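Colleague: I would like to go through the labels on this model one at a time. Tell me which rule stands behind each.

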Amino acid sequence: MRSSTISVTLALLASVASAAPSAIQHETRQVGIGPNVVPGYATVKFTGGNGTSNYYQLFPLGNDEVIPIYNPTSVSVISTEDNVTCTFKGVNGGHTSLQGGTEGEGCVDVEVPQKQVSGTCCSN
């Protein structure tokens with residue numbers, strides 16, 4: 001009886017754990033290419049130091065929410081096609097500000113290429 005109770009409890013815990021969101025699932029926001037893919041979010045493109053590794057992440061607009069960035073890529077360029085202002089913090093303490101616009105892509109070089117750890121965006 002005791003081992004079957006333990007087995008049922010473990011099975012229940014496993015099913016609950018698989019249903020619960022994890023910190024890594026926050027990274028699923030890295031979908032979409034181009035401006036205004038998801039209303040209320042800015043799509044930001046991060047380009048790695050070698051110029052060949054790119055990833056995208058969505059940032060909610062209007063609430064100054066600081067969003068963690070989990071991607072380990074050392075970033076050298078940050079860009080967006082959305083009409084937003086964004087600020088990012090790098091793992092080495094560097095801060096990068098990005099001004100998007102209605103006339104095309106906003107683009108900024110990261111002064112010292114580094115992994116980005118957080119960011120926030122607001123509408124212009």
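Modeller: What follows sets computed values against their cut-offs.

Modeller: The model is predicted, so local features need pLDDT of at least 70 and side-chain atom pairs pLDDT 80 or more, while totals for chains, interfaces and linings use all residues. Residues are numbered from 1 along each chain as its sequence is written, and side-chain values use heavy atoms, with hydrogens and water left out.

Colleague: What makes Cys86 and Cys121 a disulfide?

Modeller: The rule asks for a pair of cysteine sulfur atoms within 2.5 Å. The sulfur atoms of Cys86 and Cys121 are 2.0 Å apart, so the pair meets the rule. The count comes to one disulfide. The link is right-handed, with 110 degrees about the S-S bond. Cys86 sits in strand β5 and Cys121 in strand β7, 35 residues apart, so the pair links distant parts of the chain. Strands here are DSSP runs of E, at least two residues long, numbered from the N terminus.

Colleague: Why is Cys86 called buried, and what is Cys122 called?

Modeller: Buried means under 20% relative accessible area, exposed over 50%, and partly exposed in between (1.4 Å probe, protein chains only). Cys86 has 0%, so it is buried. Cys121 has 2%, so it is buried too. Cys122 has 30%, so it counts as partly exposed.

Colleague: Which side chains of β5 point to which face?

Modeller: In β5, residues 84-90, the side chains alternate. Val84, Cys86, Phe88 and Gly90 point to one face and are buried.

Colleague: Is Gln116 buried or exposed?

Modeller: Its relative accessible area is 1%, so Gln116 is buried. Gln116 lies in β7. Beyond its neighbours within four places in sequence, its contacts (heavy atoms within 4.5 Å) include Phe46, Ile69 and Phe88.

Terms used:
Helix = DSSP H or I, 4+ residues; strand = E, 2+ residues; numbered from the N terminus.
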